Amino acid sequence: MTSNTPQIRNYAYKYGLIYGAITIVFSLMLHIMDLTYSGSNFPQIFGYVLLAVLIIWAVVSFRKDNQGKLSVGQATKIGTATALISAIITVLYIIVFANVIEPDFAEKLGELTSEQLREKAPQLTEDQIAQQVAMQTKFFWVSYPFILIVYSLYGLVLGWITGLFTKKA
């Protein structure tokens with residue numbers, strides 16, 4: 001007795017790779033246009049909206065390929081796995097970007113942080129700002145596991161919600 005149930009990992013890889021390709025192209029486009037340090041929230045918003053669309057698309061595609069059957073558990077797994085693949089690609093890209101494409105990325109980010117702190121917290125002294133920037137630069141690597149955790153939780157919740165609306169026994 002063979003099962004014709006599609007493999008969840010295939011959908012996670014496919015849609016996670018699509019996310020990675022789109023966000024890398026978008027990031028490189030911003031870099032070429034000198035907008036990497038613009039301070040805009042648009043790239044983050046774009047990333048989360050894109051990830052949401054791709055998770056929903058992955059769940060709906062799985063359901064279609066599984067003869068209309070989908071459980072909430074399957075949708076949750078697809079959402080979490082797709083987000084995790086997306087997060088891994090994002091972290092790998094940030095490592096390449098910060099070390100190869102823009103080797104002084106951490107320093108430029110520190111300069112941007114200094115400017116933002118001066119505007120938003122004028123009561124801070126230059127020494128306090130310098131300490132904050134030094135800590136940010138020193139612990140930049142902490143963002144990598146944070147990205148993995150946040151994306152996975154986002155995918156878990158979004159997959160679960162999508163599963164609630166699209167489930168069919």
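Helices, meaning DSSP runs of H or I with at least four residues, are numbered here from the N terminus. The model described is a predicted one.

**Two loop residues with positive phi**

By that numbering, Asp-34 is placed in the loop between α1 and α2. The residue is not a glycine, yet its phi is positive, at about 55°. Gln-67 sits in the loop between α2 and α3. Gln-67 is not a glycine either, and its phi is also positive, at about 55°. Because exposed means over 50% relative accessible area, Asp-34 counts as exposed at 68%, and Gln-67 counts as exposed at 58%.

| Residue | Loop | Phi | Relative accessible area |
|---|---|---|---|
| Asp-34 | between α1 and α2 | about 55° | 68% |
| Gln-67 | between α2 and α3 | about 55° | 58% |

**The nonpolar core**

In soluble globular proteins, nonpolar side chains tend to be buried together. In this model the largest nonpolar core contains 27 residues. Tyr-19, Leu-51, Phe-62, Ile-78 and Tyr-151 have the most contacts inside this core. Two or more core residues come from each of the elements α1 (8–32), α2 (42–65), α3 (72–101) and α6 (143–166).

Setting aside residues up to four places away in sequence, Leu-51 touches Tyr-19, Ala-83, Ser-86, Tyr-151 and Tyr-154. Tyr-19 and Tyr-151, two of these partners, are themselves listed with Leu-51 among the residues with the most contacts inside the core.

When neighbours within four places in sequence are left aside, Thr-162 is in contact with Ile-56 and Val-59.

**Packing of α3 and α6**

Two packed helices are described by the angle between their axes and the distance between the axes. For α3 and α6, the axes come within 7 Å and cross at roughly 155°. Angles over 145 degrees count as roughly antiparallel, and α3 and α6 are therefore roughly antiparallel to each other. The crossing in which α3 passes α6 is right-handed. Sorted by class, the residues in the contact of α3 with α6 are 16 nonpolar and nine polar, with no charged residues.

Definitions and conventions:
Residues are numbered from 1 along each chain as its sequence is written. This is a predicted model: local features need pLDDT of at least 70, side-chain atom pairs count only at pLDDT 80 or more; totals for chains, interfaces and linings use all residues. Side-chain values use heavy atoms; hydrogens and water are left out. A nonpolar core is a set of buried Ala, Val, Leu, Ile, Met, Phe, Trp, Tyr and Cys residues joined through side-chain atoms within 4.5 Å. Buried means under 20% relative accessible area, exposed over 50%, partly exposed in between (1.4 Å probe, protein chains only). Contact means heavy atoms within 4.5 Å. Axes are lines fitted to C-alpha atoms, for helices over the stretch in contact, and angles run from 0 to 180 degrees between N-to-C directions. Angles under 35 degrees count as roughly parallel, over 145 as roughly antiparallel, 65 to 115 as roughly perpendicular and the rest as oblique. A crossing is left-handed if the near helix is turned anticlockwise from the far one by less than a right angle, and right-handed if clockwise. Ala, Val, Leu, Ile, Met, Phe, Trp, Tyr, Cys and Pro count as nonpolar, Asp, Glu, Lys and Arg as charged, and the others, Gly among them, as polar.
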